[in-house]
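Hi everyone, thanks for coming. Please have a look at the structure on the screen while I talk.

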Amino acid sequence: MTGMRDEAKPKRRPRRLRLPLTAWRRPAWLPAARTPRTRPTRTRPTRTRPPGTRPPRAWPPSTWLPRTRRGQRRAVQAVMLGAVLALLPSTWLHAAAAGRVGGTGEAPKREVAVVFGAGLWDGEPSPYLAHRLDAAAELYERGTVEVVLVTGDNSRADYDEPDAMRAYLTRRGVPDRRIVSDYAGFDTWDSCVRAKRIFGVDRAVLVSQDFHIRRALALCEKAGVESFGVGVADVRDATWYYGGVRELAAASKAAADVVLEPDPTFLGSREHGVREALAAPR
């Protein structure tokens, strides 16, 4: 009986020896565990503001500038393309007027000089317009031109550029019978088209400031008037720089006029003022 009990009793497994963790040592062939690297946290210095002041706003471009490198590159390319397109009409004007701009002493002989309006001050020509008229009077005195066609705005009863230009030229010694007025020269394109289709001018000397004369040359050539431009030099003041910047936008309009060839604001019937002035005694 005693032997049977011993056989039925299960055998106990030997107890394992548990060593404390501090007693375990890493074998030499096992690489050490890598500890993750942590970036040091940067703390911004606290800035004290005077009481009653608002916190500074974020830089405005951060709200509309693209955040990715690809988006920023496309934005720069778009700005560069816009600048090229904006300067393209001005480049065309300079190329179209190459070799046909000079002073009063370089102008070839023509029958007609066309002077474009440039505003009135208290009913008298503005300084810029007066300088254009001085150049036209000099061309007449030299015998370079026989007739002066003054073209300007007379859309209102209290604003009459052609008559003010005529009065100024007569004071400079140009006979009244040698001056022809165009009262519907509302812009450069209208003046050029009317000079050709209304007054029958085929060849002319154009008189204007140097920043405007190239546009006048390109438009008159497109209208059918063979032209040479006299660029009047003026003092580089705020008005001169404003006119130069304004020409950037006006060049785009000139390109549209050349392509579309719109009719003038007011065309009217044909006039014989230039032909009659040429027939009058000098």
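Predicted model: local features only at pLDDT ≥ 70, side-chain atom pairs only at ≥ 80, totals over all residues.

Residues are numbered from 1 along each chain as its sequence is written, and side-chain values use heavy atoms, with hydrogens and water left out.

Let's start with helix α3, residues 127-142, and helix α4, residues 161-171, which pack at about 50° with axes 10 Å apart. Helices here are DSSP runs of H or I with at least four residues, and strands are E runs of at least two, numbered from the N terminus. Axes are lines fitted to C-alpha atoms, for helices over the stretch in contact, and angles run from 0 to 180 degrees between N-to-C directions. So α3 and α4 are oblique to each other (under 35 degrees is roughly parallel, over 145 roughly antiparallel, 65 to 115 roughly perpendicular, the rest oblique).

Who touches whom? On the α3 side we have Leu129, Ala130, Leu133, Asp134, Ala136 and Ala137, and on the α4 side Met165, Tyr168 and Leu169; contact means heavy atoms within 4.5 Å. That contact has 8 nonpolar residues, no polar ones and 1 charged. Nonpolar is Ala, Val, Leu, Ile, Met, Phe, Trp, Tyr, Cys and Pro; charged is Asp, Glu, Lys and Arg; the others, Gly among them, are polar.

Next pair: the axes of α5 and α6 come within 9 Å and cross at roughly 40°, which makes α5 oblique to α6. Among the α5 residues meeting α6 are Trp189 and Lys196, and the α6 partners include Arg215 and Leu219.

Finally, which helix gives the largest share of the lining of the largest pocket? That's α7, with 9 residues. By class, the lining has 15 nonpolar, 13 polar and 11 charged residues.
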